[in-house]
Amino acid sequence: MTPSAQGSPIAGKLGLADRVFAGPRSRRLLAKVEAGLERVDRNLEAELTTADTLTNATTRYLFDAGGKRVRPMLALLTAQLGDGTTERVIDAATALELTHLGSLYHDDVMDEADRRRGVPSAHSVWGNSVAILTGDLLFSRASQLMAKLGERAIQLQADTFERLVLGQMHETVGPHENEDRVAFYLQVLADKTGSLIAASAQAGAVMSSAPAEYEASLVDFGEKVGVAFQLLDDVIDLSSDPDETGKVPGTDLRAGVPTMPFLLLGQRDDDASIDLRERIDDGVARIADGADPVILDEPLAELRDHEATRATLDLAHTWSSDAVAALDPLPDGPVREGLIRFARAVADRSS
């Protein structure tokens, strides 16, 4: 029986059930994707369960806390352009989600984040070293799965992992003195977020033996929609509900990590914008010296309502539209429709 959107396990994730899988043909596609996601979750459960008490607790920690499974869903969706949900597709989707999970452990250490997915971050529970090693362990499990799938899968995983590391490294070090900070930031987003989403869309096609001419379009789509996804996160972060996201508004900015609204604020030369930027900079410096992070509550509330944040929202919609345009070479049908709706759902998250 084809599941309804309301009863779907992926209902509510970016509005996917209602937006991505609309219409009779797409509802049949939804059933295939849901069945595949259930298999991926069983695989993840097996990969994350060990006999070692410590690693069993740490590797399962963020998995048990939840997650959208966006990357496996994309792999399962694009696999329908080929032979469908094969065992190779399931293994690749599992590996890419393990890679994503591993990156979260590392990101939280780098960002000094207190919470993730509504629970205390792993490093705040076990310390930085254990959190980093847990991320490393998840990366190794992902590599083992990809190794089973052959050289092409290994190369895809290695290339993606390289970009994840480069993105994190560049974000940590920051741009050169004369480098365009907005362009630099967009490249960081493409590496840190877009690369893994692109790999997921590509892996579904490759592992299902879909026509090779679809690959470039899917990679382009995935990278662009990943950037749009992160730009929307920058907007949502400024007005996030801690009870829903597990994060206080402006988490990145409070930690001294610039986001797109702040970068676009820096391009404005009116007195109000300059004053707001200086107050945020001053607050970040004081927090680094031990001040209570609440000192930024008022400036960040102003930034939330500032034109720079509205411009970030517009930029996210532009990247989403470009992602849709990248799908032009794909054949008409429910998969292309689903990908288009996915890109639009990403861009509409703040609506």
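**Notes on the predicted model**

1. Areas come from the Shrake-Rupley method with a 1.4 Å probe, and for residues only the protein chains shown count as cover.

2. A word on the basis: this is a predicted model, in which local features need pLDDT of at least 70 and side-chain atom pairs count only at pLDDT 80 or more, while totals for chains, interfaces and linings use all residues. Residues are numbered from 1 along each chain as its sequence is written, and side-chain values use heavy atoms, leaving out hydrogens and water.

3. Phe161 lies in helix H8 (residues 151-173). Its relative accessible area is 32%, so Phe161 is partly exposed (buried is under 20%, exposed over 50%, partly exposed in between, with a 1.4 Å probe and protein chains only).

4. The protein chain holds 17 helices and 2 strands; these are DSSP runs numbered from the N terminus, helices (H or I) of at least four residues and strands (E) of at least two. Of its 351 residues, 50% count as buried. The accessible surface of the chain comes to about 15500 Å², and 50% of that belongs to carbon and sulfur atoms.

5. Helix H5 (residues 87-111) has 25 residues and should span 36 Å at 1.5 Å a residue, which agrees with end C-alpha atoms 36 Å apart. The expected span is 1.5 Å times one less than the number of residues. Because 21 of the 25 residues of H5 are buried, the helix is largely enclosed by the rest of the structure.

6. Thr50 sits in the loop between helix H2 (24-48) and helix H3 (53-64). Its side chain makes a polar contact with the side chain of Thr55 at 2.9 Å (N or O atoms within 3.5 Å; within protein, one must be able to donate a hydrogen and the other to accept it, and residues adjacent in sequence count only if both atoms are side-chain atoms).

7. Please look at Ser209 too, in the loop between helix H9 (181-207) and H10. Phi of Ser209 is near 60°, a positive value in a residue other than glycine. Most residues other than glycine have a negative phi.
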